Amino acid sequence: MHRKQLTGFLVFWLALMLATPLMAEPEQQATGKKLSAEQPEEDAASKPRVPTFEIEGDLAGELSVISTRYEDTFAAIGNRDSLGYLELVKANPGVDPWLPGEGTRITVPRHYVLPDVKREGIVINLAEYRLYYFTGDGVQVYPVGVGTEDNPSPLTDAEVTMPLESPAWYPPASIRAEYEASGDYLPRMIPPGPNNPLGSHALMLSEKGYLIHGTNKLFGVGMQVSHGCFRMYNEDISRFVYQVSKGTPVRVIREPVKIGLKGNEVWMEVHRPEEEYTEQDRAKLWRAVSSAVEEFRNEMPGVEVQRMAIELAVDQADGLPRMIGERVTRVANESAESQQKTSDGDDGREQRLWF
């Protein structure tokens, strides 16, 4: 009798232990090996693949040109050089992204007008599918995949709560239901490995249910592809997790039009949302540009802008920074002379070319 009671207790205890992960599952998004905050400097695998650019005013980076090999595609170049698929497509109109051909010269879009936010920690701009990481030496820029229109990434102020190696994924009920509706089965937990959508590493965020993570797919970084999380190439996230500490701020914004100063030069960067550029997208960007220029004028008096340059930026909407004007500096006596002529009745010509 005692043996049966003991056996029953052991079975109950074992069942309770096995059931605990399932009961806790809705509260989890991922688990894995927590990384040490320290990494040997000589470990090349921990060094970022992207350069750290010096910040010059509101700009950073520079454009460059490379020649393709016969077997290259934009997806392969992006994966190799840490560039997003769409940013390569938009920066190289007229080039076949799947068969650019041997010796084709393509633009590498690593010139940026920085987002108009506090330059601290991680800033993700959904409109350009890029992640900015501000360091004491400058800024690193990575391509990221973001949420689709049906499953958008959140606009949020969050922070990193934990870096993970070899994460296991616990799909939320909504995603499992989505798979079930399409006739597929998705388990409650997907272990680390080649079939895990979180890839090799992840950063857990305080925004519940969202991560910055790797991927098991070679295509999709730098596009709208996810259920709201932020995808990086495994080669990037496996290094990035060693740079980012717990508590690092993460700000997610949507800023398709960016304007900034480099010295007295005024630069603008405009991003269309997709590879195709519809009239609806164009009209929406014109409104965004008009608002951004007006706001910039109010903040920076004495700025001249060229309408033709702005029209070109909107017409292309290719994400490449363009100089659209300059900030005019006048010495005190010139300003006084101009004001005197105006007060005497002479026509004082407008110095700013308003958009």
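This is a predicted model: local features need pLDDT of at least 70, side-chain atom pairs count only at pLDDT 80 or more; totals for chains, interfaces and linings use all residues.
Residues are numbered from 1 along each chain as its sequence is written, and side-chain values rest on heavy atoms, with hydrogens and water left out.

Four strands make up an open sheet with the order β17-β18-β20-β19 and antiparallel pairing. Strands here are DSSP runs of E with at least two residues, helices are runs of H or I with at least four, and both are numbered from the N terminus; two strands pair if DSSP finds at least two bridges between them. At the edges stand β17 (257-262) and β19 (303-305), each of which pairs on one side only. From one strand to the next, the twist averages 30°. Strand β19 is joined to β20 (residues 322-327) by three bridges, and the two run antiparallel. Val305 is placed opposite Gly325 in β20.

Helix α6 (residues 279-299) lies across β17, β18 (265-270) and β19, at about 35° to β17. Angles run from 0 to 180 degrees between N-to-C directions, and axes are lines fitted to C-alpha atoms, for helices over the stretch in contact. Helix α7 (residues 307-316) touches β18, β19 and β20, and its direction makes about 150° with that of β20.

The axes of α6 and α7 come within 10 Å and cross at roughly 140°. The two helices are therefore oblique to each other, a class left over once angles under 35 degrees (roughly parallel), over 145 (roughly antiparallel) and 65 to 115 (roughly perpendicular) are set aside. In this contact, Arg282, Trp286, Val289 and Val293 of α6 meet Ile310, Glu311, Val314 and Asp315 of α7. Five of the contact residues are nonpolar (Ala, Val, Leu, Ile, Met, Phe, Trp, Tyr, Cys and Pro), three are charged (Asp, Glu, Lys and Arg) and none is polar (the others, Gly among them).

The whole structure holds eight aromatic pairs, that is, rings of Phe, Tyr and Trp (its six-membered ring) with centres within 6.5 Å. In one of them, the rings of Tyr85 and Phe219 have centres 5.0 Å apart and planes at 75°, so the pair is edge-to-face; planes over 60 degrees apart fall in that class, those under 30 are stacked and the rest are tilted. Because Tyr85 belongs to helix α3 (residues 85-91) and Phe219 to the loop between β13 (211-213) and β14 (224-226), the pair ties together parts 134 residues apart in sequence.

A further open sheet has three strands in the order β2-β3-β6, paired antiparallel.

Conventions: Contact means heavy atoms within 4.5 Å.
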